[in-house]
Amino acid sequence: MPGFAAVPAALALCAGLLAGPAAPEAGRDAGRADCRAGPAGCYGLYTYGYSLGLHPFTGAHAVREQLTDHFWLFPVSGACPSRIRAGARCELLGGNPVEVEYIGNDFFQINTLPGHQLGRGMHIRFAFSRTLGFHTLTVRAWQDRPTDCTDEAFCTTANSAFAWVTWRVLAQTLRFSAYAA
């Protein structure tokens, strides 16, 4: 059978995917650029999903655009522009400085700066999707390397719980504002 030889390779690939993301390689530069692009091979923190409700006439891009064009909907405390662009800097609630890294069609990503309670180099991606008219916000956070806080169970748990609540409030806000998108 010609296709049978590919089965062991496919099983090995599936086993690797089920094992989860690979741990960061030792000896790599802590500020490596590949962690900016995505969580693969980086230090994962959390992934949360929130329903934004039924919006049958609104696409994921429009919901992302609604938020980035009206950034006051986001839980910020510092001088953020109302319309954000990549490179914009401001503070999240609690005086935590961040920079907007990327804005894509259906996502945007921020990066924590020095002075953030979890340290610099944490990347948080807010991705929007739609299935059968139902919208979802997925928030995923990762870091280049563990920090003093993320190395300690209590600090990680407290910050993850705070993040879950904060992003849930954002999702509830978007649940209603998406009608205007």
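User: How do strand 3 and strand 4 pair?
Analyst: This is a predicted model. In it, strand 3 (residues 96–103) and strand 4 (residues 107–112) pair in the antiparallel sense, over five bridges.

User: Which residue is the bridge partner of Tyr 102?
Analyst: Gln 109, in strand 4.

User: And the sheet, what is the order of its strands?
Analyst: The order is 1-6-5-4-3-2. It is an open sheet of six strands with antiparallel pairing.

User: Which strands stand at the edges?
Analyst: Strand 1 (43–54) and strand 2. Each has a single partner strand, so one side of each has no neighbour in the sheet. From one strand to the next, the twist averages 25°.

User: What does helix 3 touch in the sheet?
Analyst: Helix 3 packs on the sheet and touches strands 1, 3, 4, 5 and 6. Its direction makes about 135° with that of strand 5.

User: And helix 4?
Analyst: Helix 4 (residues 153–177) packs on the sheet too, touching strand 1, strand 2, strand 5 and strand 6. Its direction makes about 25° with that of strand 1.

User: New topic. How many disulfides are there?
Analyst: Two. Cys 35 and Cys 42 form one, with sulfur atoms 2.0 Å apart. Cys 80 and Cys 90 form another, with sulfur atoms 1.8 Å apart.

User: Why is the Cys 35 and Cys 42 disulfide called left-handed?
Analyst: Because the torsion about its S-S bond is about -115°. The link of Cys 80 and Cys 90 is right-handed, with 90° about the S-S bond.

User: Are Cys 35 and Cys 42 buried or exposed?
Analyst: Both are buried.

How values were computed: Residues are numbered from 1 along each chain as its sequence is written. This is a predicted model: local features need pLDDT of at least 70, side-chain atom pairs count only at pLDDT 80 or more; totals for chains, interfaces and linings use all residues. Side-chain values use heavy atoms; hydrogens and water are left out. A disulfide is a pair of cysteine sulfur atoms within 2.5 Å. Buried means under 20% relative accessible area, exposed over 50%, partly exposed in between (1.4 Å probe, protein chains only). Two strands pair if DSSP finds at least two bridges between them. Helices (H or I, at least four residues) and strands (E, at least two) are DSSP runs, numbered from the N terminus. Axes are lines fitted to C-alpha atoms, for helices over the stretch in contact, and angles run from 0 to 180 degrees between N-to-C directions. Contact means heavy atoms within 4.5 Å.
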